[in-house]
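Thanks for coming. Please have a look at the model first.

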Amino acid sequence: MLPIFQISDIITGASDATVTAREALLRWAQRTTERYPGVRITDFTSSWRDGLAFNAILHRNRPDILDFKSLRSRKAKDNLELAFSLAEKEFGITRLLDAEDVDTPEPDEKSIITYISSMYDVFPEPPAYHPFADDEKNRKVDEYKDLAQSLLTWMKDTLDTFRNQKMFKTLIDMKGLLLESSKFRSDELPKRLRDKQRLSHLHRDIQKLSRHTSHVDFPKELTIEELEKTWNQVASALQERDQKIKDEICRLEKLQRLVDKYNRESKICDGKLDDVEKRITEEEKRIQRLHFVDAKHNCDQIENDLKSIEDILKSLQKDYLVFEDKNYHQTAELKLKLETLKERYQHLKTVFQTNLLLLLTERSEKNVSVKKNVKQRNVSPEKSNETSKQTSLLKEYLDWIEKKQKRLETIEFGTDFPSVKNNLEQMRTEAKAIEQYRKKFGSLSTQKSSKEIDNAEEIVKIEAKFEALISYSSKKQQDMEILLDFVQSASRELKWMADKEEAEIMRDWSAKNLNLVELELHQETLTSDLEKREIQFNAIQSRGESLMLQNHPASKIIEGFLKNMQNQWSLLLQLAFCLEVHLRYAQTYHQFFKEARESEQFIKKTEEKLNTTFSKSVNSIDEGERYLKQMDVLKEDLSKYNDIICSLVQRSNDVLPLKQRKSQPSKPLSITAICNYKSPDVSTN
């Protein structure tokens with residue numbers, strides 16, 4: 001019998017007091033039978049009763065002498081008998097045990113240790129080749145192939161779907177498509193990413209298992225490298241598809257705003273046509289009874305309204321051409337609406353020219369003839385002198401009105417809030433002056449009602465001009481007040497958006513003290529603020545568009561503000577998207593380096609521990625067993641950090657170099673622009 005105290009010497013190569021002979025032999029048996037199904041050795045009694053462990057030692061060293069897989073269905077006594085017989089016959093190991101000695105509730109530990117020591121003497125080191133390694137490898141290979149094929153099929157189908165994706169015609173359908181894409185990113189993509197990570201682990205395990213066996217060759221399209229390429233194609237196609245959807249939504253939103261403007265303008269045009277039609281009908285009934293000047297004034301107003309309608313129709317025609325060019329799905333309906341409005345306009349214009357303008361022209365010719373006859377009458381010297389004074393006074397009134405009219409016309413609307421406010425104050429001052437001058441015109445009404453009617457027609461003309469001046473002043477003041485209110489609201493929105501823009505542009509994503517929790521909260525707040533502000537923003541936009549549809553005199557200024565607001569809003573939305581993307585990159589970056597630092601610290605501590613604690617000489621068995629337990633814990637930690645480090649290596653390509661964002665590049669660099677941005681110093685697309 002091999003002396004028990006020598007077992008440790010044989011296994012460790014030296015008389016090592018830290019490992020007992022019993023422990024050393026147990027570890028040898030465990031190492032030899034590793035990966036054998038149904039074999040789990042924890043002691044020298046019950047672990048050996050079914051005979052599988054004895055046969056596993058023999059099979060590991062000579063797989064050809066027995067079929068291990070068939071033993072699990074046999075009785076324990078038969079397995080024990082087979083093992084002892086083969087050991088003696090094939091390897092000359094003395095049969096120190098019978099099946100009855102082991103197949104018992106309480107086998108004799110010392111006898112089993114003695115026999116196993118004899119087996120160790122024949123098989124001191126397990127062969128590098130493991131009979132069941134191929135089984136495990138084959139299982140992992142099969143799992144890898146199935147999972148890789150499933151992932152590849154999914155990726156190909158997904159690529160076909162993305163590349164053949166048709167854009168819907170309506171805005172609601174496109175937003176639904178974007179929602180589906182977002183759901184795909186949150187639900188489907190992470191699941192497939194886990195499959196890809198599982199394939200990486202399987203591939204690494206297969207490589208390990210193939211060190212001492214034949215190398216495994218996979219079809220080219222199922223290799224890790226090709227799968228990674230296809231995965232990147234899917235990611236790229238998804239990004240392109242999302243961008244196309246967002247671009248199409250942006251295009252449809254612009255068209256929808258234009259459609260809303262078109263419909264509002266059409267409604268206004270229709271209302272104006274109703275009003276003009278009503279006024280033409282009224283004027284037809286009373287034109288013969290009215291004074292020529294009043295009749296002409298009314299016709300001029302109708303003509304101006306028709307000109308305003310014509311301008312609206314031109315604007316509608318221009319918008320319609322945009323719909324036709326952009327292939328908008330409701331173009332036919334919009335065209336029908338425009339043609340109907342044009343037909344009504346042409347009809348009313350014809351009626352106006354035939355029934356009103358023609359009649360007014362005839363009356364004008366008669367008035368000219370009457371004036372010639374009046375001039376030929378004899379006039380007394382006294383009356384002539386009085387008429388001259390009246391004429392001089394009327395000329396003074398007329399000069400003042402014309403001078404004031406020119407002054408009002410020189411007052412501009414302004415281009416920003418301060419200038420509009422200042423010009424409105426000037427306008428109010430002039431309006432007060434006009435109102436004070438009104439008292440001087442009281443005598444004109446008296447003269448017109450007297451029998452002395454030589455200048456009656458001139459008085460009517462001056463009164464009409466004065467009323468026109470008051471009307472012009474009141475209208476322009478009202479237009480400026482409306483403009484001031486709009487500009488003030490628009491300026492507030494622009495200021496709010498500019499402040500948000502500056503905060504996003506000035507943020508240093510490469511800062512070491514970046515507070516990600518605070519940024520996440522900021523991102524949620526910004527998104528919420530934008531959603532709430534959009535209602536107010538759209539109300540101001542609609543108000544400005546409505547003013548333009550009504551042909552507000554400062555339409556160009558309003559259009560400029562609307563354009564600035566839209567550009568600023570679009571930029572802010574892109575910056576909000578940038579915030580979301582940058583935050584995700586920053587989280588990836590900081591999480592990566594956090595794990596990297598933790599792994600580095602662990603490696604340093606472990607290396608230090610190996611060079612200090614585990615390099616000491618052991619003075620007792622208890623101390624040695626304690627160190628062994630610590631080594632087991634360390635082994636588990638190493639295994640854990642091995643997975644972390646492998647994961648870091650895989651993720652390293654996805655980590656953006658945040659530190660380079662503030663450094664001066666030594667040569668031109670290629671960058672990926674997340675959004676469009678323009679400033680005096682830089683422009684990205």
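**Salt bridges in the predicted model**

Start with a network: salt bridges link Glu 188, Lys 191, Arg 192 and Asp 195. A salt bridge here is a side-chain nitrogen of Lys or Arg within 4 Å of a carboxyl oxygen of Asp or Glu. The count by this rule is 37 salt bridges.

A word on the ground rules. This is a predicted model, where local features need pLDDT of at least 70 and side-chain atom pairs count only at pLDDT 80 or more, while totals for chains, interfaces and linings use all residues. Residues are numbered from 1 along each chain as its sequence is written, and side-chain values use heavy atoms, with hydrogens and water left out.

Glu 143 bridges to Arg 198, with the closest N and O atoms 3.0 Å apart. Glu 143 sits in helix 7 (residues 133–163) and Arg 198 in helix 8 (residues 171–209), 55 residues apart. Helices are DSSP runs of H or I, at least four residues, numbered from the N terminus.

Buried or exposed? Buried means under 20% relative accessible area, exposed over 50%, partly exposed in between (1.4 Å probe, protein chains only). Glu 143 has 28% relative accessibility, so Glu 143 is partly exposed. Arg 198 is partly exposed because its value is 32%.

Next, Glu 545 meets Arg 264 at 2.5 Å, N to O. That pair joins helix 16 (residues 516–549) to helix 9 (residues 224–286), 281 residues apart. Glu 545 is buried, at 14%. Arg 264 is partly exposed, at 26%.

Last, Glu 493 and Arg 533, 3.1 Å between the closest N and O atoms. Glu 493 is in helix 15 (residues 456–505), Arg 533 in helix 16. Both residues, Glu 493 and Arg 533, are buried.

Conventions: Helices (H or I, at least four residues) and strands (E, at least two) are DSSP runs, numbered from the N terminus.
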